[in-house]
Each structure stands twice: as C-alpha cells, then as structure tokens.
Amino acid sequence: MESSPLISAGLPVALFIIMIGIGMTLTVRDFRQVAVYPRGMVVGTIAQILLMPLAAFALAYLFGVSPAIAVGLVIIAACPGGTTSNLFVLLARGNIALSIVLTVVASLITIITLPLFANMALQHFMGTAEDISLPVGKTIGMLVGIVLFPVALGMIVRTRKPELARKAESVVSIFGGVVLAVLIVALLFGVRDQIGDLLKQAGPSTIMLNVVGIVLGLLAGRAAGLTQRESLAVAVELGVKNATIGLMVTLTLLESSAMSIPAAVYGVLMFPIGFLLAVYGRSIIRRTSVKAPSQ
C-alpha cells in the first residue's frame with residue numbers, strides 16, 4: 001500500500017506546477033464572486049463534510065462489507081477533496097475558484113470532523129474507539145504549499161503577463177492530463193499483485209461511494225440553483241478525495257491494513273471515473289456555450 005517515489009515525490013511537484021497554471025486562469029474577481037455568492041461553497045461543504053460520510057454508512061450496510069472495510073469506507077468518505085480535484089475541475093471546465101475554496105475549507109474542517117466520523121465508525125462497526133487526530137501543521141502546510149502559494153503565483157503572472165497566462169492555459173490542461181494518466185498507470189502498477197483481492201473486498205462499495213459522491217454533487221448543485229460550472233466543481237470535490245489522508249489515518253494512526261483497503265481502492269478508481277466526469281463536463285459546457293453566451 002506504500003506510495004512509490006513517483007507518487008510521493010513527483011506528484012507534489014507536478015501539482016505545484018499545475019496549480020501555478022490554474023492560477024493563471026483566475027483573477028481576484030473569481031474569488032470575490034465565490035465570497036459574494038457563497039451558495040456553492042455552503043452547498044459543497046455541507047455535502048462533502050456531512051452527506052458523504054452518511055452515504056458511506058449506508059453503503060456499508062447495503063453491501064454487507066466486513067467491519068474493517070466499513071470503517072475504512074467511512075474514513076475515505078470523510079476525507080476532504082484532494083488538490084488533484086482542482087485539476088479535474090480545470091479539465092472539466094468547472095468553476096476552479098469554487099473548487100479551490102472548497103478544497104481549502106473542507107481540508108481545514110475535516111481536521112475536526114474526520115476523527116469524529118472515524119471514531120463513530122469504529123464504535124458502531126467494531127465496538128471500539130481510538131483517539132486519533134490529524135497533524136494540523138502538516139495539513140495546513142500542504143494546503144499553503146501545493147494550493148494557495150502556487151495559485152497566488154499564477155494569478156500574479158496573469159496580472160503582470162496576461163498574454164503569457166493566456167498561452168499557458170492550454171498547455172496546463174495538456175500537462176495535467178498527462179500527469180493524471182501517468183498517475184493512474186503508476187497506481188495500478190503499484191498494486192498489480194493485489195488488485196484482484198482489493199477489488200473483491202472493497203471494489204463494489206468503493207465504486208458506488210465515488211459515483212454517489214459525483215451524482216450527489218450534481219443533484220445538490222441543481223437543487224440549490226447553482227450554475228453548471230459550479231455544480232461540476234461540487235461534484236468533482238465530492239468524487240475526487242484525498243486518498244493520501246485516508247491511507248495515513250488507517251495505516252499510520254489506526255495501524256490497520258484492512259481498514260486501508262477502501263482508501264487504496266478509491267485512490268486508484270477515482271482517477272478514471274474523474275476523467276469520465278471531465279469529459280462529461282467539457283461536453284456540457286461546450287453545448288451550453290454554443291446555445292448561449294457564457295456567463
């Protein structure tokens with residue numbers, strides 16, 4: 001279950017570069033709109049923090065998984081969206097500013113809610129509880145280093161070199177797609193000897209959790225009257241989780257390889273499903289832009 005050097009070292013560097021490019025597509029006005037019209041942030045945060053763990057409890061019963069798998073399923077559901085979700089939103093042509101805000105807000109809130117739901121699952125499914133906590137400094141440092149700082153840097157480049165930023169946007173999309181493709185191959189290669197067993201134990205429930213998250217995001221966005229780009233951002237944030245945190249909690253804090261299986265399976269399967277969502281999002285936005293001027 002351990003990450004390869006390509007993932008543990010190469011992915012943060014690639015994401016840093018990608019986030020600079022994403023920053024080049026943004027202006028202060030984009031974030032101001034999220035603050036002035038916070039409906040998307042509120043809907044996305046509630047769905048991600050509360051509804052996803054509750055869905056995991058329901059799926060654990062529906063699929064009749066073992067207690068350890070059930071706990072792991074709740075833990076990955078309670079994890080925030082990862083920084084990779086911002087890239088998927090870019091590829092899907094969703095609202096990137098909203099995606100970044102949701103990533104940051106959810107990551108900070110789950111410092112409290114993730115241990116809470118993890119203990120609820122442990123007590124409910126296994127009749128025990130563990131005193132676990134996330135490393136606050138490390139979590140905040142990751143957000144600053146891989147999300148906030150490079151995005152701010154990219155926004156500065158756009159302000160001072162708008163022509164360069166415009167040309168870089170398409171390059172970033174291509175680079176992002178290549179990075180995700182390489183990551184999928186690396187993850188599959190890393191668990192090649194275990195993939196059959198992993199999918200058998202947690203595949204159906206984990207795939208359904210991913211699909212439920214995406215559908216829940218799209219439906220919640222529509223019910224709340226969000227735009228298509230905002231709804232796409234919420235759907236991606238619910239579907240693309242920070243599986244690294246899930247693995248850290250289950251393997252390091254709980255020291256359970258069985259509980260880590262849902263996070264490991266989710267960490268692989270969310271990428272191809274995320275690609276499909278990105279294709280779906282691009283087709284929707286393209287049809288909308290043809291029918292009416294973009295908002």
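**Labels and their cut-offs**

Guide: Let's start with a contact: the side chains of Asn86 and Thr103 make a polar contact at 3.1 Å. Bear in mind that this is a predicted model, where local features need pLDDT of at least 70, side-chain atom pairs count only at pLDDT 80 or more, and totals for chains, interfaces and linings use all residues. Residues are numbered from 1 along each chain as its sequence is written, and side-chain values use heavy atoms, with hydrogens and water left out.

Visitor: What makes the Asn86 and Thr103 pair a polar contact?

Guide: The term asks for a pair of N or O atoms within 3.5 Å; within protein, one must be able to donate a hydrogen and the other to accept it, and residues adjacent in sequence count only if both atoms are side-chain atoms. At 3.1 Å, the Asn86–Thr103 pair qualifies.

Visitor: Is Asn86 buried or exposed, and how do you know?

Guide: Buried means under 20% relative accessible area, exposed over 50%, and partly exposed in between (1.4 Å probe, protein chains only). Asn86 has 0%, so it counts as buried. Among the residues that Asn86 touches, beyond those up to four places away in sequence, are Ile100 and Glu237, where contact means heavy atoms within 4.5 Å.

Visitor: Which helix holds Asn86?

Guide: Asn86 is in helix α5, residues 84–92. Helices (H or I, at least four residues) and strands (E, at least two) are DSSP runs, numbered from the N terminus.

Visitor: Why is the pair of Tyr61 and Phe125 called tilted?

Guide: The ring centres of Tyr61 and Phe125 are 5.7 Å apart and the planes sit at 45°, so tilted it is. Tyr61 belongs to helix α3 (residues 39–63) and Phe125 to helix α6, so the pair ties together parts 64 residues apart in sequence. Tyr61 is exposed at 55%, while Phe125, at 18%, counts as buried.

Visitor: And what makes Phe88 and Phe275 edge-to-face?

Guide: Their planes are at 85° with centres 5.9 Å apart, so that's the label. Phe88 is in helix α5 and Phe275 in helix α12 (residues 257–291), 187 residues apart. Phe88, at 1%, is buried, whereas Phe275 is partly exposed at 25%.

Definitions and conventions
Phe/Tyr/Trp six-rings, centres within 6.5 Å; stacked < 30°, edge-to-face > 60°.
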